[in-house]
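I open this notebook page to record what I looked up in one structure. The sequence and the coordinates come first, and my entries come after them.

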Amino acid sequence: MIDVLLGLQWGDEGKGKIVDFLAAHYDIIARFQGGPNAGHTLYLKGEKVVLHTIPSGVFQTHCLNLIGNGVVIDPVTLRLEIEKILPLCPDMLSRLYVSQKAHLILPTHRALDAASEAAKGADKIGSTLKGIGPAYMDKTGRNGLRVGDILSPNFREKYNKLTQKHLQLLKQYDGPTIAWEQWEEPFFAAIEHMRALQLVNAEYWLENHLKQGKKILAEGAQGSMLDVDFGTYPFVTSSNTIAAGVCSGLGVAPSWVGEVYGITKAYCTRVGGGPFPTELEDATGDALRAAGHEFGATTGRPRRCGWIDLVALRYAIMLSGVTKLIITKTDVLDSFTPLMAATAYNVNGTVTKELPYDLCETGIVPVYETFDGWDKPISTCTTYDELPKAFKDYCTFIEEYLEVRISHVSNGTGRDQLIVIS
Ligand code: GDP
Ligand code: IMO
Ligand code: MG
């Protein structure tokens, strides 16, 4: 079976920490979409590690890790990440596999990302500038280069051809363009490095493991509200972040899919531009940012903070068929009272529990339910019973509204700060 774990908000829900924990029960962890725009944080013996392209199962030494075809890979970022992790995990290369069908991010993709964002001015998406959008555009535009191409004797020729195309495109932009040439040398050095990795026909590789009864966990990146089809378009990323992305991003049939874990923070954050109905642009929002250390794991940018949005969560749960809910960063709310949760949107006088077509153009006033906070720190609780009544009431309301049971409560950054309910 292949279980799925994905973010239900705008990313950074704590996927890295939870995958690292759950990986103990799986044989393979597979990334199915996104690329180095992701920043998945986990702690290994107290040391903080942020993973961008490598699956978060890498520190569980029995786990194989696959970078699937749906991922876009920057060879330079991947190489740096491997070099950083190797001393912590010397056998990791023997457990790392890369789909030959994953697409490559070229230096000029990064330049195009920067030029496109600069040209948008105030309307910019707030991209991580990792070249994600342009790389996926080349994939769907049928121009892209794939990992398998690096084994071809005319890879350089293919690279030059695509780069020339990008240079023509870059001319369309008025502003100064990035000196992408400086990235060519490290790019080709990283390609050499990549040739030595285990590059596989991943769909067959996965099928073989599935038929042997191995347990696989598909690790999502970003979050459901950043999905290119169903997120807050155009302020989204360029891949399908919902469960549907697992089949196309790994080459597995839907019949293999089992449990779908959806992760939400106990509140909500967003980094980059775009609509965020429950955002708190006040002292409470600042206090949430400070208490939750809400700064991007990839870019260091301050994250926008707000109350949990049950309308958006219900939508995300519907899209992916979430069977188990994981709630993270609960300890961050320790000192907040009252707490609020959006249960409906007031859209021009009409109260609805449905997300409007376009959140960007629609004036939304969230309708809130208010809850008492809890008055004791919960980060040391190890069982559900120990948790304060006010916290349990908050969780019960969320479960009843979303019609999904909470399976895990995360109450701190550590691997062991996780209360397993079911
Ligand atoms: P991801 O992209 O979903 O993997 O999440 P990030 O790593 O970008 O951001 C989540 C942040 O919250 C990281 O700094 C984690 O160490 C931290 N974190 C995860 N779970 C908890 C939790 O339960 N409590 C607290 N206080 N921090 C957490
Ligand atoms: P993880 O996996 C939070 C956001 C960017 C921007 C938009 C598009 O760590 O949860 P892109 O670089 O993809 O073109 O940016 O998506 N974004 C993320 N926000 N967490 C992420 O990943 C993100 N990956 C992209 O901030 O608004
Ligand atoms: Mg992150």
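The entries below cover a metal site, a ligand site and a strand, all taken from a predicted model.

**Entry 1: the metal.** I asked which residues coordinate the magnesium ion (ligand 3). I found D12 (OD) and G39 (O), at 2.1 to 2.2 Å. I then located the two residues along the chain. D12 sits in the loop between β1 (2-7) and α1 (15-22), while G39 belongs to the loop between β2 (28-31) and β3 (40-44). The two are 27 residues apart, and the pair links distant parts of the chain.

**Entry 2: ligand 2.** I noted 21 residues around ligand 2, and the closest are D12, K15, H40, T128 and T237. By class, this shell holds eight nonpolar, 10 polar and three charged residues. I next looked up individual contacts to oxygen atoms of the ligand. A side-chain N or O atom of K15 is 2.7 Å from one, and a side-chain N or O atom of T237 is 2.6 Å from one. For G39, a backbone N or O atom lies 2.9 Å from an oxygen atom of ligand 2. Taken alone, ligand 2 exposes 550 Å², of which the protein buries 97%.

**Entry 3: strand β7.** I examined both faces of β7 (residues 96-99). L96 and V98 lie on one side, Y97 and S99 on the other, and all are buried. I then looked up its neighbours. Strand β5 (residues 64-67) runs parallel to β7, joined by three bridges, and N65 has L96 as its bridge partner. Strand β9 (residues 198-200) is also parallel to β7 and joined by three bridges; here V98 is partnered by L199.

Terms used: Residues numbered from 1 in each chain as written. Chains lettered and ligands numbered in written order. Predicted model: local features only at pLDDT ≥ 70, side-chain atom pairs only at ≥ 80, totals over all residues. Heavy atoms only, no water. Donors = N, O, S within 2.8 Å, 3.2 Å for Na, K, Ca; no water. Helix = DSSP H or I, 4+ residues; strand = E, 2+ residues; numbered from the N terminus. Near = heavy atom within 4 Å. Polar contact = N/O pair within 3.5 Å; in protein donor to acceptor, adjacent residues only side chain to side chain. Areas by Shrake-Rupley, 256 points an atom, 1.4 Å probe, with all protein chains shown as cover. Nonpolar A, V, L, I, M, F, W, Y, C, P; charged D, E, K, R; others polar. Buried < 20%, exposed > 50% of the residue type's maximum accessible area, 1.4 Å probe, protein only. Pairing = 2+ DSSP bridges.
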